[in-house]
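User: I am new to this structure and would like to understand the words used to describe it. Could you take me through them one at a time?

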Amino acid sequence: AGEALPAEIAQRFKAHFGCDIIDGIGSTEMLHIFLSNRPGDVRYGTTGKPVPGYEVSLRGEDGREVPDGEIGDLYIQGPSAALLYWNNREKTRETFQGAWTKSGDKYVRDAEGYYTYAGRSDDMLKVSGIYVSPFEVEATLMQHQAVLEAAVIGAQDADGLTKTKAFVVLKDGQTATPDDLKAFVKERLAPYKYPRLIEFVPELPKTATGKIQRFRLREREQGPQA
């Protein structure tokens, strides 16, 4: 539950070891996993369904529930929720809203009730006024046989418009061109989601627990500040 599990990695693991990875999500604020796949009901690429005892709601910027297939902010209600952040009233009011906890994650729910991670709220991109999930683009890039890892951020073009940019780590001994990867994503996702810019890098910045630090890539893209 530390980082969303791309379907490609999970499927390769299952093919090699013959057993499933049970992917779920929890948080410090909830002190428990509240969305999860489960033995006998694993759908790779999703985080599964709500865990018994927990309610989940996806809401738009107006605070109303979003329909299936639309990205929304993830709210959770359950018995293990924390009460507050110590000595941080502003953050407490933003996160703990009545019986609900706002997680800071974006998700989408399908018609069968499975929830798919779209990204952290502060990592989400709006391209031409439409939300683009960086995780969805990254997971698609990683399906390419030459790609080991990928991280996607928003980068401004010459007109000041936000475009998707992918930082890509290739597997040892593999080669690919930016045009190869752009075409690969276009074949699998809606055309507006493909990365307009691709930069090959030897490694991605990560935390000690292995989470990709996209903010480091954004800082790098912006360059040194005056």
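Analyst: I will begin with the cavity, whose lining consists of Ala4, Leu5, Asp23, Gly45, Thr46, Thr47, Tyr117 and Phe135. This is a predicted model, in which local features need pLDDT of at least 70 and side-chain atom pairs count only at pLDDT 80 or more, while totals for chains, interfaces and linings use all residues. Residues are numbered from 1 along each chain as its sequence is written, and side-chain values use heavy atoms, with hydrogens and water left out.

User: What makes a space a cavity and not a pocket?

Analyst: On a 1 Å grid over the protein atoms alone, a cavity is a set of points where a 1.4 Å probe fits but cannot get out, whereas a pocket is an open set with protein on both sides within 12 Å along at least five of seven lines; lining residues have an atom within 4 Å of a point. Grid points are joined across faces, edges and corners, and a volume is the space filled by probe spheres set on the points. A search of the whole structure finds one cavity of 30 Å³ or more, and the volume of the largest cavity is about 30 Å³.

User: How many residues of each class line the largest cavity?

Analyst: Its lining has four nonpolar, three polar and one charged residues, where Ala, Val, Leu, Ile, Met, Phe, Trp, Tyr, Cys and Pro count as nonpolar, Asp, Glu, Lys and Arg as charged, and the others, Gly among them, as polar.

User: Why is helix H3 called largely enclosed?

Analyst: Buried means under 20% relative accessible area, exposed over 50%, and partly exposed in between, with a 1.4 Å probe and protein chains only. Seven of the eight residues of H3 (residues 134-141) are buried, so the helix is largely enclosed by the rest of the structure. Helices (H or I, at least four residues) and strands (E, at least two) are DSSP runs numbered from the N terminus. Among the elements covering the buried residues of H3 are strand S8 (115-120) and helix H5 (214-222), where contact means heavy atoms within 4.5 Å.

User: How do you know that Tyr85 and Phe96 form a tilted pair?

Analyst: Rings of Phe, Tyr and Trp (its six-membered ring) pair if their centres lie within 6.5 Å, and planes under 30 degrees apart count as stacked, over 60 as edge-to-face and the rest as tilted. By this rule there are four aromatic pairs. Tyr85 and Phe96 lie 5.3 Å centre to centre with 50° between the planes, and that pair is tilted. At 22% relative accessibility Tyr85 counts as partly exposed, while Phe96, at 13%, counts as buried.

User: What makes the pair of Tyr117 and Phe135 edge-to-face?

Analyst: Their rings are 5.4 Å centre to centre with 70° between the planes, and the pair is edge-to-face. Tyr117 is in strand S8 and Phe135 in helix H3, 18 residues apart, and the pair links distant parts of the chain. Both residues are buried, and together with Tyr107 they form one aromatic cluster.

User: How do you know that Arg59 lies over the face of Trp100?

Analyst: A charge sits over a ring if NZ of Lys or CZ of Arg is within 6 Å of the ring centre and within 35 degrees of the ring normal. Arg59 lies over the face of Trp100 at 4.8 Å from the ring centre, and Lys186 lies over the face of Tyr194 at 4.4 Å.

User: How much space lies in the largest pocket?

Analyst: The largest pocket holds about 900 Å³ of space. Of its 40 lining residues, the closest to its centre are Gly104, Asp105, Tyr117, Arg120 and Lys211.
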